[in-house]
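Biologist: I would like to learn how to read a model like this one, feature by feature. Where do we begin?

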Amino acid sequence: MTAARLLEEFPPVTTAEWEAAIARDLKGADYRKKLIWQTDEGIAVKPYYRGEDLANVAGLDSKPGEFPFRRGAQITAGWKIREEIEESVASEANGAACDAVRSGAEEISYSRLKVRGADELEVALAGLNEIGVHFEIADSALIENLLERLSCREHASVCAISTGCDPLADADFTAQVIARTPPGFVPFSIDAARLEEDGANIIEEISLALAAGAEVLAQTAEHGVQADRTVAGISFKFAIGANFFFQIAKLRAFRMLWARVVESFGRTHPTAAARIVARTSRWDKTTYDPHVNILRATSEAVSAAIGGADSIIVAAFDDSYRVPDEASRRLARNTQLLLRHEAMLGRVADPAAGSYYIEVLTDSLAQESWKTFQQIEAGGGFSRLRDEGWVADRLSRSLAVREKAVALRKRVFTGTNLYADPAEQALGTIDFERANEGNRGARMFEQLRLRTERHRMAGGLMPQILLAEIGDEKMRSARSNFAANLFACAGLAAKAQRFESTHEIAATDADLIVLCSSDLEYESLVAELLNEMNSCSRNTPLVVAGNPENSEALKAHGVADFVHLRSNPIELLTKWQNRLGMAD
């Protein structure tokens, strides 16, 4: 059967027909509330997209490597596998770097090495002449040493050498360096990954990175440096988070807007292409159930690859709470090798092209980010707003929104704020100085778990929490599972047991009783149970699983608390750790 004949078997369905079918299924429910996703960025995501949604999207006919680089900065597919090296001594760092290269890394990032002098620089670069090397910690002395080294023909690198030096720290120095930067040397980096860690949503990441880059272009232009030299001398580092499709669209949108900024300085193709380094996010990594971090990082790496990052760093799964060992570094490295050679993500340039959803999302992020960028420019630019505290204030508000979603478990960290294993212990594996670096979403729940662990290690008795299931079979099981899941987030194990009478519950030894039944049964069950407990002089706290309409009446009977979907888990669990005798 030909393709044409096959398509005849499936007649086209209009958008009006789809909407009519949806309306029937909703049965009068509010369409926007049920099916439109309002994101933190203020983007309204529809339940489906069609070709007609692309009618007003510009630039869809561009190719990879063509201005404005919507579809990637390069004509060909692929990215460089960059590995972070933790060692802080030059000889040890170089040894680790050479081992990583032999195992598949294509670029090296010295993340904690402070190079002191030309001799240490030679040690750090030994054996890496054909490998891109990045020095995350860099000062003017290192940059001068690199300029001097790269000016010598025998040391000229065939791959890019770069640093994490902030181009806005000293405008005069930046202009002087860029004016004499040889090909292959990228002396400055704009760190948008730090913005993400500080709370920035995607629109804020894009717009603030744009504003910082535009300021560098303006400052160097004042010193007589051409825009193409400036663009060649800076890279952008982005953190890739868990919102899969948004992260793909983020990189595509940023490239488009950066090309637009560079164009305003009189340059287009090919110098307007942004050089993007993508790193898996620190913010969404956990210390409990840490192997889930492997799944998180894999998803993020796929987003970065599809989004067209030039270099990708996949952090080791234990990077957030200790110095990664060889096994975890190997897992991180092999994640990229598998994505390239097994998933074949390096075979096709911009595989997201033509996706109705991603193309519309790219355009939406670009439009909203450009509006925010213009606001920043109108306010005096990135540095001025940063120094005045505007940037920090805005990011702190965005961070609060994100953290509230974590606290209420609307933003899920599997194994930490949902489906936690109360028996898991992590206290002995954590480097607290490292674990407390920057912001991480899971930290608030990890602190609850660590408090419970310290109580146990100090010889404290673990509280006996009884989930007393009684009455309605469906409701008692559902509420028991919910309560067990919630208490597990603080490392508190709860034992479920089914009962036929309140007398049996009252006779059971426990430090806390969570009554699990249906709303209709609670008033009579509570009255009976508390009478039974009073008759045998038991003062065990009683918690009700659920949020019944007669909660005030139940409190009057003597119910101590309620556990339900609208509870604030952090406040509730902290409260019960206090009442159950756990030291703060």
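Modeller: With helix α14, residues 356–378, in what is a predicted model.

Biologist: How should I read a positive phi in general?

Modeller: Most residues other than glycine have a negative phi. K27 and F69 are two cases to look at here. K27 is not a glycine, yet its phi is positive, about 55°. F69 is not a glycine either, and its phi is about 65°.

Biologist: Where does K27 lie, and is K27 buried or exposed?

Modeller: K27 sits in the loop between α2 (15–26) and α3 (31–35). Its relative accessibility is 75%, so K27 counts as exposed, the cut-off being over 50%.

Biologist: And F69: where is it placed, and is it buried or exposed?

Modeller: F69 lies in the loop between β2 and β3. F69 counts as buried because its relative accessibility is 1%, and buried means under 20%.

Biologist: What about the peptide bonds?

Modeller: Most peptide bonds are trans. The bond from F67 to P68 is cis, with omega near 10°. P68 is in the loop between β2 (44–45) and β3 (80–85), and F69 is in the loop between those strands as well.

Biologist: How do I read the placing of a residue on a helix?

Modeller: An α-helix has 3.6 residues a turn, so residues three or four places apart point the same way. Take S207, which is found in helix α9, residues 202–222. A polar atom of the side chain of S207 lies 2.8 Å from the backbone oxygen of I203.

Biologist: Is S207 buried or exposed, and which residues does it touch beyond four places in sequence?

Modeller: S207 counts as buried, because its relative accessibility is 1%. Not counting residues up to four places away in sequence, S207 touches S369, T372, F373 and I376.

Biologist: Which other helix residues can I compare?

Modeller: A179 is found in helix α7, residues 171–179, and at 45% relative accessibility A179 counts as partly exposed. Leaving aside neighbours within four places in sequence, A179 is in contact with V225 and R229. R340 is found in helix α13 and counts as buried, at 15% relative accessibility. With the neighbours within four places again left aside, the contacts of R340 are W79, K80, I81, E106, L345 and G346.

Biologist: How is empty space inside a model found?

Modeller: Rolling a probe the size of a water molecule over the atoms shows where empty space is left. Here the count comes to five cavities of 30 Å³ or more. The largest cavity has a volume of about 190 Å³. It is lined by 21 residues, and those closest to its centre are T76, A77, G78, G308 and D350.

Biologist: Which helix gives the most to that lining, and how do the lining residues divide by type?

Modeller: Helix α12, residues 292–307, gives the most to the lining of the largest cavity, with three residues. The lining divides into 11 nonpolar, six polar and four charged residues.

Biologist: What can be said of the second largest cavity?

Modeller: The second largest cavity holds about 150 Å³ of space. Its lining has 15 residues, with E83, E84, V314, A316 and A332 nearest its centre. β3 and α13 (326–341) each supply at least two of the lining residues. By type, the lining of the second largest cavity has seven nonpolar, one polar and seven charged residues.

Biologist: How does the whole chain read?

Modeller: The protein chain has 23 helices and 15 strands. Its C-alpha trace spans about 90 × 65 × 55 Å along the principal axes. Of its 584 residues, 51% count as buried. Among contacts between residues at least 6 apart in sequence, 74% join residues at least 24 apart.

Technical notes: Residues numbered from 1 in each chain as written. Predicted model: local features only at pLDDT ≥ 70, side-chain atom pairs only at ≥ 80, totals over all residues. Heavy atoms only, no water. Helix = DSSP H or I, 4+ residues; strand = E, 2+ residues; numbered from the N terminus. Buried < 20%, exposed > 50% of the residue type's maximum accessible area, 1.4 Å probe, protein only. 1 Å grid on protein atoms, 1.4 Å probe; cavity = no way out; pocket = protein on both sides within 12 Å on 5 of 7 lines; lining within 4 Å. Points joined across faces, edges and corners; volume = space filled by probe spheres on them. Nonpolar A, V, L, I, M, F, W, Y, C, P; charged D, E, K, R; others polar. Polar contact = N/O pair within 3.5 Å; in protein donor to acceptor, adjacent residues only side chain to side chain. Contact = heavy atoms within 4.5 Å. Expected span 1.5 Å × (residues − 1).
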